[in-house]
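The following note sets out points for a colleague who is examining the structure shown here. The points move from the chain as a whole to individual elements and residues.

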Amino acid sequence: MWNFSIPYVLKFYIDAIVQSSYMYRYNELGQPIPLVHGKKMICISTRGGDYSLSSPMHTLDFQEPYLRSIFGFIGITDLRFINAQSMDVTPALREVAIASAIEEAKQIAQNFGWEMDTAPKLSTVQVCSINLFAD
Ligand SMILES: Cc1cc2nc3c(=O)[nH]c(=O)nc-3n(C[C@H](O)[C@H](O)[C@H](O)COP(=O)(O)O)c2cc1C
C-alpha cells in the first residue's frame with residue numbers, strides 16, 4: 001500500500017492494460033461490457049499499518065476497493081485479497097503478518113485447485129513472490 005492506495009508502478013501497469021476495446025468495450029447504449037471472462041485473481045498486498053475491518057484506519061483503505069472496482073469492471077469478479085498488515089509496527093507483528101499471509105495463500109490456492117510452488121523457506125521479501133498458476 002502506498003498512501004492508502006496502490007504504488008504508481010501498479011497504476012502504470014493497470015493503465016497500460018485496462019483500455020477500451022481491449023479489456024472492456026461500450027455497447028450501443030453506452031454501457032461498459034467486460035471482456036475478461038473466466039479468470040480468477042489473488043491480490044497480495046503489504047501494508048505498514050492495519051486497515052482491517054475492526055481498525056479505525058479501515059475507511060482509509062482505498063487500495064482494495066479500487067482493485068475490486070477496476071478488475072471487476074473488466075470482468076474479474078472472483079477476486080481474493082491477502083493483506084499482510086501491520087508490517088511496519090513491530091518486527092514480531094511483521095512476522096505474524098507474513099506467516100498468516102502465506103497460510104491464506106496456500107488455503108486459497110488449494111480452494112482454487114491451483115498448483116503452488118513449494119518454496120523451501122519464504123522470507124519477508126518473498127511473500128510477494130509466491131508463485132500461483134492457474135490451469
Ligand atoms: C511511498 C510509500 C507510501 C506508503 N504508504 C503507506 C500507507 O498509506 N499505509 C500503510 O499502511 N503503509 C504505507 N507504506 C508502507 C508500506 O506499505 C509497507 O512498508 C509495506 O510493508 C511495504 O511492502 P514492500 O516491502 O513489499 O514494498 C508506504 C510506503 C511507501 C514507500
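1. Helices (H or I, at least four residues) and strands (E, at least two) are taken here as DSSP runs, numbered from the N terminus. With helix α2 named in this way, the residue Gly-75 that follows α2 has a positive phi, near 115°. It should be kept in mind throughout that the model is predicted.

2. Overall composition. The chain contains three helices and six strands. Read from the N terminus, the order of these elements is α-β-β-β-α-β-α-β-β. The chain has 135 residues, of which 13% count as buried. Among contacts in the chain with a separation of 6 or more, 60% come from residues 24 or more positions apart.

3. Pairing of β3 and β4. Strand β3 covers residues 40-46 and strand β4 covers residues 78-84; the two pair in the parallel sense, over seven bridges. Lys-40 stands opposite Asp-78 in β4, and Ile-44 stands opposite Ile-82 of that strand.

4. Which residues of α2 are buried? They are Gln-63, Leu-67 and Phe-71. Viewed down the axis of α2, the buried residues fall within an arc of 45°, and therefore they line one face of the helix. This buried set packs against β3 and β4. Pro-65 and Ser-69, on the other side of α2, are exposed.

5. Gly-75. This residue is placed in the loop between α2 and β4. Is Gly-75 buried or partly exposed? Gly-75 counts as partly exposed, because it has 16 C-beta neighbours inside 10 Å, whereas a residue is buried at 20 or more and exposed at 12 or fewer. Outside the four places on either side in sequence, the contacts of Gly-75 are Pro-34, Leu-35, Val-36 and His-37. For Val-36, the separation from Gly-75 is 39 residues in sequence, while the C-alpha to C-alpha distance is 4.9 Å.

6. Ile-102. Helix α3 (residues 91-112) contains Ile-102. Ile-102 has 18 C-beta neighbours inside 10 Å, and it therefore counts as partly exposed. Ile-102 and Ala-84 are 18 residues apart in sequence, and their C-alpha atoms are 9.2 Å apart in space. Ala-84 falls within the residue range of β4, 78-84.

7. The ligand. How many residues are around the ligand, and which of them come nearest? There are eleven, and those that come nearest are Trp-2, Thr-46, Gly-48, Gly-49 and Met-87. By class, the shell consists of five nonpolar, four polar and two charged residues. Thr-46 also belongs to β3, whose range is 40-46.

Methods: Residues are numbered from 1 along each chain as its sequence is written. This is a predicted model: local features need pLDDT of at least 70, side-chain atom pairs count only at pLDDT 80 or more; totals for chains, interfaces and linings use all residues. Two strands pair if DSSP finds at least two bridges between them. A residue is near a molecule or strand if its C-beta atom, placed from the backbone, lies within 6 Å of it. Ala, Val, Leu, Ile, Met, Phe, Trp, Tyr, Cys and Pro count as nonpolar, Asp, Glu, Lys and Arg as charged, and the others, Gly among them, as polar. The arc is that of the directions from the helix axis to the C-beta atoms. Two residues are in contact if their C-beta atoms, placed from the backbone, lie within 7 Å.
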